[in-house]
Amino acid sequence: MAKEKTLYSCTDCGGTSPKWLGKCPACGAWNTLVETVAETGSASASKNRFAALAPASAVTTLADIEATDVQRTPTGIGELDRVLGGGIVEGGVVLIGGDPGIGKSTLLLQAVDALERNGFGRSTSDLPPGRPKADQPPRGAATRAAAERGGTLYVTGEESGAQVALRSRRLGLDGSQVKVLAETQLEKILATLDAQKPAIAIIDSIQTVYSEQLTSAPGSVAQVRECAAHLTRAAKSSGVAIVLVGHVTKEGALAGPRVLEHMVDTVLYFEGDTHSSFRLVRAIKNRFGAVNEIGVFAMTEKGLKGVSNPSAIFLSQHSEPVPGSCVLVTLEGTRPMLVEIQALVDSGGPSPRRLSVGLERDRLAMLLAVLHRHAGVACMDQDVFVNAVGGVRISEPAADLAVMLAITSSLRGKPLPKGFLAFGEVGLAGEVRPAPRGQERLKEAAKLGFSVAVVPKANAPKKNDKAFEGLTIHAVDRIEEAMELARSLD
Ligand code: TYD
Ligand code: MG
């Protein structure tokens, strides 16, 4: 293959330059030029570039387009299927990101082995009609191609085949029929996909794959983007499901972050503390299912095991209540989970620190301001540290009330009562806003034996419901009410 011309394009504005410059000539941004393959207007390469992503077709009325529901194949790992929206989709591309060592390779190896054992893609009689393609060969040929297709391929660029084999033994996957390819060159991987026609291919990891067309090093934004685009095109045109493994940088972003996220169908992130045994897999984007669904796993010596009832795993076990701790019921996807929020308020220096783990830092600063202004609780000269126990990341604002109660509890050195929990969003005006599906959250708390709850007024159950038995529910409208209540409880 002839080497394609490369040029440098700005990641901010898309402006181009024939050579690398520190400053984008178009928008003036610094350090934004990255190497890309030049798209020459006349060359067929540029026309093909997006052709397979969305095949060209005539204009049609929406109602006339046949909407076939996507066929999903469950991986057999329940918690993974939950975040995938039911299973693997033919031609679907999944990006799975996470810190090194969190368990991406382990989970995927378990998943492909399970798929291989179930003969994924090998039975051809009940294959769904392929998605219509502009350049699809006649039906007979397609069916024949499908008949030859099937099975799984695990492309490892980070570890040798022997290392993957060693891991599969550790996982107890004896006699695994998963095909392994130790390769990092994109062109060779694409050729193998073409020759083997697997039904699913894992690329572990996208950062190690490089294309000969580019001179930049593997893992650079240009390489990652180009390789992911080629693989996505291969998936869409051949129907192979592809899972790309992506590493997260120290700042918490995937290399070539935005570029990859919009290219693929599904984005999953691994979360959790590598020091604890629990791991969360969260769907950030899913064209085939719901987002913000999470899967919960426990890392054991035999790999990752799904935790089907995870509601109480993020509570630390205090024998007696301690100051600075407040339990929150968070709703992740469709499941309520109880998470302990811990706060430590300590006298700080001239510029006090505000640090949060698992919660947004900007939101913490906002909550401290609301606390001061509306509830008269001042932490101005204090260091404030907030942590969500167990390495969970909480993005929903319903955590606000619990965070504020934990902070005041630490500031006063007084624990909240035993079996206490709170949830609710707090606005800048000091109002406590309802959290979505409050009753479900309260039911879960009651089930786990919690006894006191502070919740937004709109979330309080209307009448005496049997499901909340044993749980005293205090409904509040404003943050000062909540603080008053917490004070009266000790
Ligand atoms: P790995 O799957 O290699 O992570 P990634 O691909 O995300 O970098 O991470 C595996 C980690 O989990 C490693 O630190 C060892 C541990 N582990 C177990 O505890 N039990 C097991 O059965 C396996 C295979 C790994
Ligand atoms: Mg790995």
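1. A polar side-chain atom of Thr106 lies 2.5 Å from an oxygen atom of ligand 1. Polar contacts here are pairs of N or O atoms within 3.5 Å; within protein, one atom must be able to donate a hydrogen and the other to accept it, and residues adjacent in sequence count only if both atoms are side-chain atoms. The model is predicted: local features need pLDDT of at least 70, side-chain atom pairs count only at pLDDT 80 or more, and totals for chains, interfaces and linings use all residues. Side-chain values use heavy atoms, without hydrogens and water, residues are numbered from 1 along each chain as its sequence is written, and chains are lettered from A and ligands numbered from 1 in the order in which they are written.

2. The backbone also takes part. A polar backbone atom of Gly103 is 3.1 Å from an oxygen atom of ligand 1, and for Ile102 a backbone N or O atom lies 3.4 Å from a ligand 1 oxygen atom. The protein buries 76% of the 560 Å² that ligand 1 exposes when taken alone (accessible areas by the Shrake-Rupley method with a 1.4 Å probe).

3. The shell around ligand 1 holds 16 residues, the closest being Gly101, Lys104, Ser105, Thr106 and Thr300 (a residue is near if one of its heavy atoms lies within 4 Å). Four of the shell residues are nonpolar, six polar and six charged; Ala, Val, Leu, Ile, Met, Phe, Trp, Tyr, Cys and Pro count as nonpolar, Asp, Glu, Lys and Arg as charged, and the others, Gly among them, as polar.

4. Helix H3 (104-117) is one of the elements giving two or more residues to this shell, along with helix H5 (161-170) and strand E13 (294-300). H3 gives the most, three residues. Helices (H or I, at least four residues) and strands (E, at least two) are DSSP runs, numbered from the N terminus.

5. H3 and H5 also pack against each other, at an angle of about 70 degrees with axes 11 Å apart (axes are lines fitted to C-alpha atoms, for helices over the stretch in contact; angles run from 0 to 180 degrees between N-to-C directions). The two helices, H3 and H5, are therefore roughly perpendicular (65 to 115 degrees). Ser105, Thr106 and Leu109 of H3 meet Val164, Arg167 and Ser168 of H5, where contact means heavy atoms within 4.5 Å.

6. Val370, Leu371, His374 and Ala375 in H9 meet Ile479, Glu480 and Met483 in H12. By class, this contact has five nonpolar, one polar and one charged residues.

Key: Parallel < 35°, antiparallel > 145°, perpendicular 65-115°, else oblique.
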